[in-house]
Amino acid sequence: MTIWVDVTTSLNWNRPPVGIVRTELECARQALSSSFSQSTQLCYFERSIGEFRRLSEKQTKKITDLISGLYEDKTSASAVEPFVVSPAAQGKGRGRWWSGLQSPIRCSLDPVEGGLVRGWAIKGGSATEKVEIIVEQDQNVIAKTVASQFREDLAVAKIGEGRCAFSMPIEELITAADPEKTQRLDLFAQSKNFRRQSLGAITFDKQAFRFALAASSDAGPVVTFSEDDVYLTAGLDWDNKDFNRIYELKSKTGFKVVGFCYDLIPFFFPHLCVGDVSSFFSKYFTELSWCADGIVCISECSRNDFNQFIGYSGCPAPKTKVVRLGSSIKRSTGEVAQGSPHAIASLGTNYILFVSTIERRKNHEVLYRAYVRLVERGVRDLPKLVFVGMRGWGVSDLFNDISLDPRVKDHILVLNNVNDDELSVLYQNCLFTVFPSLYEGWGLPVAESLAHGKYCLASGAGSISEIAGDLLEYLDPWDAQEWADAIQALLKQDGYLKSKEHAIRERFRIDQWSVCVGGIFEFAQQAVIRRGRDASL
């Protein structure tokens, strides 16, 4: 028996890891170590061919670098890239995003990066009719795809509800193209009732092309699972997996499948998500439920939501197990690495910390409104409010409000692309943390805050209270007045805050990632054969 740990998400990730990516990487760390007695291997799903592959040497290095915290983004196109994008000649003065508003098809071709040719295309006046993407070399068709993938940035921009993106692996184009012919691949978009329209071209030099062709053959071999194997997937699977295909492969050999349920927020709270993703996630969880023999849930809340979804959908009910995510991150010496682009060192210790992707569901807005109230009350010497996270959807108005509001714009600082060392420093030095999320499947930053001995003002929505129990007092995520009162009280009552920190140090159990992943692997190792509603594990 071998446990195959899927690292597809991590291979496509080029930033400091967020919760889901961190979980996948910690599973990979355990798989690469010798601490677990069961045989473990890494793999990834190549959606373009519908097969699993072992990792190449280069891919393995990326995973190990990500695990060690050493990986830097090297995927952006550079002068030595064999591929260069030439947009179609549709006018001057346009940047990366251009669209022919007067044409039947609106489309865009992005720079080549991450081993993919990417872009989007939509038929004018129709968000549902899909557009076909054609790649030609010397007028010979070498590849086709359909612009039907979901991309969050497109949904934010209200382009085709986000489901009009396409991506094609460079490796496929290398294999299909003839390096002895012209050094140009032309891309076209066409729909049912309109003739094709040029997106642009990809050009390459022959020497680099041949080098890339040789490199592509270095990809890992296709994996064929045996009946006794378990396939474990913990990543962003709704973006990069085809569970109908995985079910086909499973039916042939009988291997087991263990998946993850982080949350069902897009299904139960679609208004808190970008675009109309409820049907998209419903389809994903339906396919996962039919395919999986076991589902790891990250909280009792997420398990209850999953079981509720099963009841609504009528899907088979895989076995479930709740595993608390690790709250331990790399602890820092308290110093920021030399050359850090962030203003962390200058913050001192007089700031309040909020770690989260900056998107509408995380509810940064209530903190902005709370700070406005504190300023209007005449509260002096307000500490900085530090938001740490990448910018997501639904916050453009919030950013505009903050940047233009003279009352608070100097009190709020946004930091992005913060690594684990820097994050640890931020946790250690802050006054306390805040987490006003409108709903969570777990709430990893709350656990990380407590693991650093820091008190957190948190909302009581979703699973958050499972993390800390009565160590925290929970606030209404919608009530800006309550948040303002609570922040002001903590700033005034230093003794109260210290007593809370003492209780945290005495009573909070830091969840080690090794224990978390050990529980996941043990669940995968069990004979997860019988489907049913047995949730007693």
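Valine 257 touches Tyr231, Ile246, Lys250, Cys291, Ala292, Asp293 and Gly294, leaving aside residues up to four places away in sequence; a contact here means heavy atoms within 4.5 Å. You'll find valine 257 in strand 14, residues 256-261. Strands (E, at least two residues) and helices (H or I, at least four) are DSSP runs, numbered from the N terminus. Is valine 257 buried or exposed? Valine 257 is buried, with a relative accessible area of 0%. Buried means under 20% relative accessible area, exposed means over 50%, and partly exposed is in between, using a 1.4 Å probe and protein chains only. The C-alpha atoms of valine 257 and leucine 232 are separated by 6.1 Å, though the two are 25 residues apart along the chain.

A quick word on what you're looking at: this is a predicted model, where local features need pLDDT of at least 70 and side-chain atom pairs count only at pLDDT 80 or more, while totals for chains, interfaces and linings use all residues. Residues are numbered from 1 along each chain as its sequence is written, and side-chain values use heavy atoms, with hydrogens and water left out.

**Two helices side by side**

Two packed helices are described by the angle and the distance between their axes. The axes of helix 8 (residues 243-253) and helix 10 (residues 278-291) come within 9 Å and cross at roughly 10 degrees. That makes helix 8 roughly parallel to helix 10. Axes are lines fitted to C-alpha atoms, for helices over the stretch in contact, with angles running from 0 to 180 degrees between N-to-C directions. Under 35 degrees counts as roughly parallel, over 145 as roughly antiparallel, 65 to 115 as roughly perpendicular, and the rest as oblique. Helix 8 brings Phe243, Asn244, Ile246, Tyr247 and Lys250 to the contact, and helix 10 brings Tyr284, Glu287, Leu288, Trp290 and Cys291.

**Charged pairs**

How many salt bridges does the structure hold? The structure holds 28 salt bridges, each being a side-chain nitrogen of Lys or Arg within 4 Å of a carboxyl oxygen of Asp or Glu. Here are some of them:

| Pair | Closest N and O atoms |
|---|---|
| Glutamate 287 and lysine 283 | 2.6 Å |
| Glutamate 440 and arginine 361 | 3.0 Å |

Glutamate 287 and lysine 283 are separated by about one helical turn, because they are 4 residues apart in helix 10. Glutamate 287 is buried at 16% relative accessible area.

Now for glutamate 440 and arginine 361, joined by a salt bridge. Glutamate 440 lies in the loop between strand 20 (432-435) and helix 15 (444-451), and arginine 361 in the loop between strand 17 and helix 12, so the pair ties together parts that are 79 residues apart in sequence. Glutamate 440 is buried at 6% relative accessibility, and arginine 361 is buried too, at 11%.

In the remaining pair, aspartate 405 counts as buried at 6% relative accessibility, whereas arginine 407 is partly exposed at 36%. Salt bridges that share partners join Glu359, Arg361, Lys362 and Glu440 into one network.

**A loop residue and the whole chain**

Asparagine 363 sits in the loop between strand 17 (351-355) and helix 12 (364-377). Asparagine 363 is buried at 7% relative accessible area and touches Pro436, Ser437, Leu438 and Pro477, not counting residues up to four places away in sequence.

Zooming out, the chain has 19 helices and 22 strands, and buried residues make up 54% of its 537 residues.
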